[in-house]
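This briefing concerns one protein model and the ligand placed in it.

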Amino acid sequence: GSLPPDPVVRELVAEAHSRYSDHSQGAIADYIPILAKADPAWFGVSLVAVDGRTYDMGDTEIAFSIQSISKAFVFALVAEALGHEQIRERVGVNNTGLPFNSVIAIELNDGSPFNSMVNAGALATTALMPGETCVEKWEAIRTGLSRFAGRALELDGDVYRSEARSNFRNRAIALLLQSYGRLDHDPLAIVDVYTRQCSLSVTATDLAVMGATLADGGVNPVTGERVVSEDVARDTLALLASTGLYENSGAWLFEIGMPAKSGVSGGIVAIAPGKGAVGTFSAPLDPAGNSIRGQRACAYLSRTLGLNLFASQ
Ligand code: GLN
């Protein structure tokens, strides 16, 4: 079925926001120093339907860095350029069961980066972006993600510089991948492109539009533009279902039943294929790095709007 009538959706989005506004659990990420400056009270919930209708509640206009959520959309751009088989072979599509920045995961599997949603696989995926040089790759990522969002996304220079100064672990991961012959480009230059993609500035509403583009088979429901093919949108959602919330992906799918992607700055995008997508922003995180209020709001909307993929109605 489709979404309920307008006033019902509007009220449920408002309720998803008000129910969890007072929650105070979770820790704000500080391993990227500037992220620690986020206000724990900020909370936005947005829903965009595949017909373009948009429902916003709370701090849906506050900009934050997209962080790991970029991985989902860069994956889609690379899958579009390279095809299903190539991305599966060269990066992989299985969950690591380990934290997003795990080095052990790579070592345990002969240098495989596992999947495009953990840092190792995301670095390998960014390296596969079309473009000879890193400048071209970055430009293709920025314009590609902007097409998903339906507006020109900008780099947050402060976030970029803060992460670029402190991302020793990502540099180590890139060098380790190089040692296994898994990166064709200069590893530190790829880390730089990846750090830029993570520093693109978005709002909860942008995330909902980006997700709704996947829900709509690759067509942005607000601009009407086709961004990726239907097959790529489907493949991206399949990957998100098993890997989008890192080592908590199984529990997430069990509770909420929606392909989704989270990021350490506090964003979550959760997609209901053929219906629409929810975008949330709230900085306090659980130990795996997933926004706590965001997870609750998505669970509420999945339940009340019937967005669980596995529900028969
Ligand atoms: N840029 C962050 C990092 O590489 C993204 C991580 C995340 O959102 N989980 O560490």
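**Overall fold and burial**

Of the 313 residues in this predicted model, 57% count as buried. The chain forms 13 helices and seven strands, and the domain assignment divides the protein into domain 1 (6-66 + 202-305) and domain 2 (70-198).

*Dimensions and contacts*

- The radius of gyration is 18 Å, which agrees with the value near 20 Å that a compact globule of 313 residues would have.
- Taken along the principal axes, the C-alpha atoms fill a box of roughly 55 × 40 × 35 Å.
- Contacts between residues at least 6 apart in sequence join residues at least 24 apart in 69% of cases.

*Domain arrangement*

- The centres of domain 1 and domain 2, taken over C-alpha atoms, are separated by 21 Å.
- Contacts between the domains involve 31 residues of domain 1 and 30 residues of domain 2.
- On the side of domain 1 that touches domain 2, the elements giving two or more residues are α10 (204-215) and α11 (230-243).
- Helix α11 supplies the largest share of that side, with eight residues.
- By class, the side of domain 1 that touches domain 2 comprises 14 nonpolar, eleven polar and six charged residues.

*Ligand shell*

- The ligand lies between domain 1 and domain 2, because both give residues to the shell around it.
- The residues around the ligand are Gln-67, Ser-68, Phe-100, Asn-101, Asn-119, Glu-163, Asn-170, Cys-198, Gly-263, Val-264 and Gly-289.
- This shell divides into three nonpolar, seven polar and one charged residue.

- Strand β1 (residues 44-49) is mostly covered, and six of its six residues are buried.
- In a regular strand the side chains alternate between the two faces of the sheet.
- In β1, Gly-44, Ser-46 and Val-48 point one way, whereas Val-45, Leu-47 and Ala-49 point the other way, and all are buried.
- Strand β1 pairs in the antiparallel sense with strand β2 (residues 54-58) over five bridges, and Leu-47 stands opposite Tyr-55 in β2.
- Four residues lie between the strands in the hairpin of β1 and β2, where Gly-52 takes a positive phi near 90°.
- Strand β1 also runs antiparallel to strand β7 (residues 276-281), with six bridges joining them; the bridge partner of Ser-46 in β7 is Gly-279.

Notes:
Residues numbered from 1 in each chain as written. Predicted model: local features only at pLDDT ≥ 70, side-chain atom pairs only at ≥ 80, totals over all residues. Near = placed C-beta within 6 Å. Nonpolar A, V, L, I, M, F, W, Y, C, P; charged D, E, K, R; others polar. Domains from an automatic or database assignment. Rg over C-alpha atoms; globule rule 2.2 N^0.38 Å. Buried ≥ 20, exposed ≤ 12 C-beta atoms within 10 Å, placed from the backbone. Contact = placed C-beta atoms within 7 Å. Pairing = 2+ DSSP bridges.
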